[in-house]
Amino acid sequence: MKKAILIMITVATFSGCKQKETPQNTAAVTALKPVVYVSNYPVYYFADRIGGNAIDLRFPAGSLSDPSGWTPVADTIAAMQSADLILVNGASFENWMMNVSLPEEKVVSTSESFKNQLLSSGATFTHSHGDEGEHAHEGTAFTTWLNLELAAKQAEQVKSALVQLQPEQKEVFEKNYTELTSDLNTLHEAFQHSVPEGNTTTVAFSHPVYQYLTEAYGIEGKSLHWEPETPINHDMEHEIEHLMKDEGVTWIIWEGEPLPENVEKLSRMGIKSVVITPMGGQPGDTDFLKGMEKNLEAIKKIYGTRDKL
Amino acid sequence: MNHSIYLAWNYLKYHWGKTLLLVFAISMVIFIPTALNLFANRGSERMMARAVTTPLLAGSKGSATDLTLSSLYFRDPGIPPLEYHEVKAIEQEGLATAIPLHINYRVKTQPIIGTSNQYFGFRNTQFREGRPMAVLGECVLGAVAAEVLGAEVGDAVISSPAGAFDVAGSFPLKMTVVGVLEQTNTPDDDAVFTDIKTTWVISGKAHGHDDLTTVTSDSLLLSRTDSIAVASKAVLSYTEITPENINSFHFHGNPDSYPVNAVIAVPKDKKSELILRGRYETQGDNVQIVVPELVVEELLETVVSIKEILTLAAVSIGLATLVITLLVFSLSIRLRKKEIQTLRYIGAARGRITAVLSLEILLVFALSLLLTLTYLLVIAILGIPLLEKLIH
């Protein structure tokens with residue numbers, strides 16, 4: 001009996017040791033992959049499509065619907081410092097970059113190649129201190145990926161950075177990149193045909209986040225500062241009435257799913273609602289391409305266009 | 001022979017005053033040039049070691065010695081600063097890694113070094129505790145700085161005004177200590193390292209304050225429209241960077257034009273180093289690139305010349321002292337005429353008397369050498385750290 005107990009203890013001890021080894025082995029395999037950090041969902045999507053299993057991709061703001069307002073804590077920055085590559089959107093998306101210490105040689109701004117094409121966010125606020133010269137904090141619009149041509153350029157930057165990081169994987173990265181750009185270009189063409197030429201319809205945007213979308217695809221619109229989850233009050237009603245009167249607005253584009261009561265209220269006023277997700281944050285049950293396809297459908301709904309491809 | 005030693009030793013013991021004087025004089029004659037040589041060599045080695053591990057330094061045109069000494073030993077820069085875009089320019093060339101140095105401010109007497117985290121890797125410095133800087137307002141202390149300031153990880157240190165007449169110029173910023181370095185016996189031990197952007201906050205180039213779009217107090221705003229707000233001097237900048245106010249920190253003007261006292265350029269290889277040096281030597285801009293090793297070598301050549309003059313003087317004095325010592329011994333033999341005569345009467349051979357007298361001289365020199373070695377040992381233990389402090 002004693003012998004049997006002894007054997008059982010020995011077996012249990014050894015099997016325990018084996019179980020502990022498994023995660024260590026996994027960690028060792030993971031450690032071999034270069035660690036790549038990203039700061040928003042489009043860049044995450046591009047890096048994931050191009051890098052695939054060859055990289056250890058980390059998206060610390062992944063749980064947020066809008067990472068543009070995210071500020072990493074010191075521990076996250078400390079973890080990012082030891083990464084092999086940090087892919088950022090640029091175009092002022094990461095306002096926190098000026099307040100942190102990251103190794104510049106590891107940071108790649110995916111919008112660097114088209115910095116001359118960046119648009120103003122339209123929100124300019126200037127301040128000065130006493131007799132100092134005034135300085136402007138002019139905002140740069142950051143939703144660059146909503147112009148899918150620029151999104152493809154961002155993907156190219158991601159590919160170049162990954163190839164530089166892992167030259168031995170160049171062939172795989174190039175192949176993945178070609179497939180991704182093909183998808184992006186197809187969708188870009190579909191977007192180009194979604195708004196009829198000579199469009200005069202003016203829409204209202206719940207937030208000024210569609211600068212690149214409107215500029216690339218010819219959408220005319222005026223921006224509000226409305227939150228989808230905030231009930232429309234008297235002032236907001238007044239604001240939209242003005243837009244209806246002055247601009248002939250009949251559609252409002254929301255950045256998130258609006259409250260049903262808001263949709264109903266606007267509908268009674270003759271304003272129809274659609275949602276175009278800016279895609280900055282990780283979408284729940286979809287991905288970047290599907291999300292943009294859904295956005296395309298919303299545009300088609302506004303302009304009554306059909307597939308021409 | 002033992003009898004001769006016994007007689008010689010007892011003579012020296014009996015005349016202890018004279019013996020001590022002679023031993024001290026001779027030991028000093030040997031010690032001074034030896035110590036001078038040792039000090040100069042050790043000092044040179046230390047200076048060269050720091051210089052050799054710093055491949056290239058870029059700074060404003062001016063004294064190469066000032067640039068080198070301020071960058072290696074964190075002394076007040078004697079030349080005007082560069083603009084930060086020069087750091088980017090070196091990086092963009094792809095020939096070298098550029099590590100900026102901003103050396104204008106202090107925490108009490110400890111220099112604040114505004115740099116990047118690459119500095120720690122470049123100097124191969126290990127962390128005794130904590131981690132490198134991650135966000136604005138964090139700092140890392142050298143081992144001695146931590147001791148002097150009595151601060152450890154989690155504590156805070158406050159930057160001091162740049163001068164008595166600069167009360168409102170630089171910014172008394174409370175910085176959180178996030179790391180302490182292992183002792184390296186270099187000037188890094190005395191420094192308070194922080195991100196260069198934090199030194200710009202200290203200088204007032206960047207700051208954080210209440211949101212002027214929401215401020216309502218008339219005393220804080222001189223004027224405001226939808227797009228412009230003119231703040232009065234009453235709008236106070238935050239003196240501590242916290243997770244709550246960090247997003248309010250902003251930079252006035254273009255950070256590319258902000259000051260940097262020097263840039264350590266670490267070339268990728270020898271070829272890159274030569275290309276980089278050639279580029280800066282031929283261009284007529286206000287930037288110079290120096291090889292610290294060559295600058296320190298030149299500096300040490302001057303030090304060596306001074307050392308040689310001093311050694312020559314010490315050797316001359318030594319020779320004169322030896323002559324006087326020999327004179328003392330010869331005069332002492334004349335004074336001891338009766339004593340020598342007595343030794344002869346009691347049967348001492350001439351050789352034995354010569355042996356006793358020679359052993360007396362030998363014993364004095366042996367004691368002097370022993371004393372010199374003791375001095376050198378004491379100097380090696382206590383004097384070298386003192387010397388290092390002087391060099392720093």
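**Notebook: a parallel sheet and its surroundings**

I began with one pairing in this predicted model, and found that A:Ile252 has A:Ser273 of β10(A) as its bridge partner. I then looked up the two strands as a whole, and noted that strand β9 (residues 251-254) of chain A and β10(A) run parallel and are joined by four bridges.

Next I followed the sheet across, and wrote down the order β8-β7-β9-β10 for its four strands in chain A, an open sheet with parallel pairing. I marked β8 (220-223) and β10 (272-275) of chain A as the edge strands, since each of them pairs on one side only. From one strand to the next I recorded an average twist of 30 degrees. I also saw that helix α9 (residues 288-303) of chain A packs on this sheet and touches β7 (202-205), β8, β9 and β10 of chain A, while its direction makes about 160 degrees with that of β10(A).

Then I turned to A:Asn262, which I located in helix α8 (residues 260-269) of chain A. Is A:Asn262 buried or exposed? I noted a relative accessible area of 1%, which is under 20%, so A:Asn262 counts as buried. Leaving aside residues up to four places away in sequence, I listed its contacts as A:Pro228, A:Thr230, A:Pro231, A:Ile232 and A:Trp254.

Last, I looked up a helix pair, and found α4 (residues 148-165) and α5 (residues 170-192) of chain A packed at about 175 degrees, with their axes 9 Å apart. The contact includes A:Leu148 of α4(A) and A:Phe191 of α5(A), and by class I recorded twelve nonpolar, three polar and five charged residues in it.

How values were computed. Residues numbered from 1 in each chain as written. Chains lettered and ligands numbered in written order. Predicted model: local features only at pLDDT ≥ 70, side-chain atom pairs only at ≥ 80, totals over all residues. Heavy atoms only, no water. Buried < 20%, exposed > 50% of the residue type's maximum accessible area, 1.4 Å probe, protein only. Contact = heavy atoms within 4.5 Å. Axes fitted to C-alpha atoms, helices over the stretch in contact; angles between N-to-C directions. Nonpolar A, V, L, I, M, F, W, Y, C, P; charged D, E, K, R; others polar. Pairing = 2+ DSSP bridges.
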